[in-house]
Amino acid sequence: MRLEFACGGRTWSILCDTERAPRTLQSLAAILPCELQLHTPKIAGLHVYWHAPLIEDAEGAIDVMEAQPGSFIYWPARQFLELTFAPLQAETATITLLGAIESGLPELYDLGLSLRQSHGRSVTSGRLSAISDVPPAADAPRGEPVALDLIEHREALWRGRPAEFAALLASRAIMHPAGPLMMAEAEARNLHELLWWVRADLSATKEEFSRHMAAVACNKAATRLRDFCHLAQTAALFLKFERAFRDGAADLRAHLNEAILCAGRVAAWLDLEIPWHDVNEAMRKAIDDRTVPQ
């Protein structure tokens, strides 16, 4: 299976290993072609990545440090598709190796460095499409339906940034917009991760506990997003998920998948607004300029 990643007038051919990760690549094929918004990493910044509307567990899992420059990987617990452009800085994660670019590593390196500088100042868009040998899409898992309004919310989130984010970004109140923006991104990201962990630990004997955990996580995130970050509409969405998790008749896995897709996308939209490189440089300077007590 070959894919084409396009960004800024450049293209990269990606050769995927369908025997190594057939399930994940089937799910990926089902959403192609797709428009991308590229992100810069916050900790081990030697890859470019984008958020993907698919949920798959690790397949043929490897440690992320085994990924060589040029690797195309899927990071399940974050729903990231990534292209590495240099040996990774130390981090710990289990990921799915999907394939590798066939050429153009220096150009990918340049893109990664440029993205690091521009992130939060402008959005870098891309496109992922299939070239050849696309496996047939897997049948969607069957389960109890998710409420239509939750599906519509998820689809709207994947079409574009929530309108209410504009007011947060425009605020010039004390410590605004940095304080509420970074808190909101952290709350959404933490909710995303907690829901993934609940999903990873599902069993018939633990269902009531899992429902409770998911409901509490949604309530906590919604409360912070509404009361501290002034994102009332986003908070209302996660309160709807809280009610669904407390409903013993609602399909737990199906609602977890929907909530994960929503929480991850909210976190991704907020992340795109943060100039991480500039924040890090400012923090380095502030630390270096500190007066050490004598």
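Q: Let's start with helix 3 and helix 8: is their crossing left-handed or right-handed?
A: Helix 3 and helix 8 make a left-handed crossing. Keep in mind that what we're looking at is a predicted model.

Q: OK, and at what angle do the axes of helix 3 and helix 8 cross?
A: Roughly 30°, and the two axes come within 10 Å. Helix 3 covers residues 148–159.

Q: So is helix 3 roughly parallel or roughly antiparallel to helix 8?
A: Roughly parallel, because angles under 35 degrees count that way.

Q: Which residues in helix 3 and helix 8 meet?
A: On the helix 3 side you've got Leu150, Ile151, Arg154, Leu157 and Trp158. On the helix 8 side, look for His255, Glu258, Leu261, Cys262, Arg265, Val266 and Trp269.

Q: Now helix 7 and helix 8. At what angle do their axes cross?
A: Their axes cross at roughly 165° and come within 10 Å. To find them, go to residues 232–246 for helix 7 and residues 252–271 for helix 8.

Q: Why quote an angle for two packed helices at all?
A: Because the angle between the axes, along with the distance between them, is how two packed helices are described.

Q: Back to our pair, then: is helix 7 roughly parallel or roughly antiparallel to helix 8?
A: Helix 7 runs roughly antiparallel to helix 8. With axes crossing at roughly 165°, the crossing of helix 7 and helix 8 is left-handed.

Q: Who makes the contact on the helix 7 side, and who on the helix 8 side?
A: Helix 7 puts in Thr234, Leu237, Phe238, Phe241, Ala244 and Phe245. From helix 8 come Leu252, His255, Leu256, Glu258, Ala259, Cys262, Ala263 and Val266.

Q: And by class, what does the contact of helix 7 with helix 8 have?
A: Counted by class, that's 11 nonpolar residues, 2 polar and 1 charged.

Q: Switching to charges. How many salt bridges are there?
A: The count comes to 20.

Q: Let's pick Asp271. What is the distance in its salt bridge with Lys42?
A: The closest N and O atoms of Asp271 and Lys42 are 2.7 Å apart.

Q: Is Asp271 buried or exposed?
A: Asp271 counts as buried, because its relative accessibility is 1%. Lys42, at 29%, counts as partly exposed.

Q: What does Asp271 do with Arg189?
A: Their side chains meet in a salt bridge too, at 3.8 Å from N to O. Arg189 lies in helix 5 (residues 178–200) and Asp271 in helix 8, so this pair ties together parts that are 82 residues apart in sequence.

Q: Which residues are linked in a network of salt bridges?
A: Lys42, Glu185, Arg189 and Asp271 are linked that way.

Q: What about Glu242 and Arg246, where do they lie?
A: Both are in helix 7, 4 residues apart, which is about one turn of the helix. Glu242 is buried, with 11% relative accessible area, but Arg246 is partly exposed at 47%.

Q: New topic: what kind of peptide bond joins Leu32 and Pro33?
A: A cis one, with omega about -5°. Pro33 is in the loop between helix 1 and strand 3. His176 and Pro177 are joined by a cis peptide bond as well, with omega about 5°. Pro177 sits in the loop between helix 4 (165–170) and helix 5.

Q: Last one: what's the phi of Gln79?
A: Near 60°, a positive value in a residue that isn't glycine. Gln79 lies in the loop between strand 6 and strand 7, and it's buried with a relative accessible area of 0%. His230 also has a positive phi, about 60°, but His230 counts as exposed at 53% relative accessibility.

Definitions and conventions:
Residues are numbered from 1 along each chain as its sequence is written. This is a predicted model: local features need pLDDT of at least 70, side-chain atom pairs count only at pLDDT 80 or more; totals for chains, interfaces and linings use all residues. Side-chain values use heavy atoms; hydrogens and water are left out. Axes are lines fitted to C-alpha atoms, for helices over the stretch in contact, and angles run from 0 to 180 degrees between N-to-C directions. Helices (H or I, at least four residues) and strands (E, at least two) are DSSP runs, numbered from the N terminus. Angles under 35 degrees count as roughly parallel, over 145 as roughly antiparallel, 65 to 115 as roughly perpendicular and the rest as oblique. A crossing is left-handed if the near helix is turned anticlockwise from the far one by less than a right angle, and right-handed if clockwise. Contact means heavy atoms within 4.5 Å. Ala, Val, Leu, Ile, Met, Phe, Trp, Tyr, Cys and Pro count as nonpolar, Asp, Glu, Lys and Arg as charged, and the others, Gly among them, as polar. A salt bridge is a side-chain nitrogen of Lys or Arg within 4 Å of a carboxyl oxygen of Asp or Glu. Buried means under 20% relative accessible area, exposed over 50%, partly exposed in between (1.4 Å probe, protein chains only).
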